[in-house]
Amino acid sequence: MEPGAVRNADEWFRLMVETGLAPGLRALGLAGKGRRYRMVRDSHVGQVSILQSNLGPRATRFTLALSVSATDEWTSQLRIRPYLRGAGHAGTGWQERIGNLILVGAGVPIGDLWWQVDVGKPFGSLSREVLTTVREFGLPAMYDEIRSRLN
């Protein structure tokens, strides 16, 4: 977009993902683009999917869904059901929303967690917060799931 152009919520969100989240997720060892980032580890595919919900033309919100599938399950499901690739997962294995992985108090998950992006507002600290959440809660949960499947 040219300087001075007005962006809507979808465009602002896309900019935040492209310039904030995507490079950070890649730095954490995930490969991907758009709203899906994957890692392959010990014959398993771990994925972080960014799910968006529009609040109107000036704001949008998003959360993260994580999944782990055995590589052969992943490949088999995508061959049988190629439409699942667009849904962000292969439909098998472990799946969890990021908020259910963050424990507070006496080990109770915080539950449904969404972040909000407002058009025109800086999103650098928001991107860093999301990436910290992935690093501190998401990746360890995915690694634990992979380890449990190997035993």
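This report walks through some side-chain contacts and a surface patch in the structure above.

## About the model

The model is predicted, so local features need pLDDT of at least 70 and side-chain atom pairs count only at pLDDT 80 or more, while totals for chains, interfaces and linings use all residues. Residues are numbered from 1 along each chain as its sequence is written, and side-chain values use heavy atoms, with hydrogens and water left out.

## Salt bridges

Let's start with the charged side chains. A salt bridge here is a side-chain nitrogen of Lys or Arg within 4 Å of a carboxyl oxygen of Asp or Glu, and the count by this rule is four. Among them is the contact of aspartate 144 with arginine 147, where the closest N and O atoms are 2.3 Å apart. Both residues belong to helix α4 (residues 124–150), three residues apart, or about one turn of the helix. Helices (H or I, at least four residues) and strands (E, at least two) are DSSP runs, numbered from the N terminus.

Another salt bridge joins arginine 135 to glutamate 136, at 3.3 Å between the closest N and O atoms. Arginine 135 is partly exposed at 42% relative accessibility, and glutamate 136 is partly exposed at 44%. In this scheme, buried means under 20% relative accessible area, exposed means over 50%, and partly exposed lies in between (1.4 Å probe, protein chains only). Lysine 121 and aspartate 118 also meet in a salt bridge, at 4.0 Å from N to O.

## Aromatic rings

Next come the rings. Rings of Phe, Tyr and Trp (its six-membered ring) pair if their centres lie within 6.5 Å; planes under 30 degrees apart count as stacked, over 60 as edge-to-face and the rest as tilted. The whole structure holds three aromatic pairs. One of them is the tilted pair of phenylalanine 13 and phenylalanine 62, with 5.5 Å between centres and 55° between planes. Phenylalanine 13 sits in helix α1 (residues 9–27) and phenylalanine 62 in strand β4 (residues 59–70), so their pairing ties together parts 49 residues apart in sequence. Both phenylalanines are buried, and together with Trp115 they make one aromatic cluster.

Two arginines lie over ring faces. A charge sits over a ring if NZ of Lys or CZ of Arg is within 6 Å of the ring centre and within 35 degrees of the ring normal. Arginine 41 does this with tyrosine 143, at 4.0 Å from the ring centre, and arginine 61 with tryptophan 114, at 4.0 Å from the ring centre.
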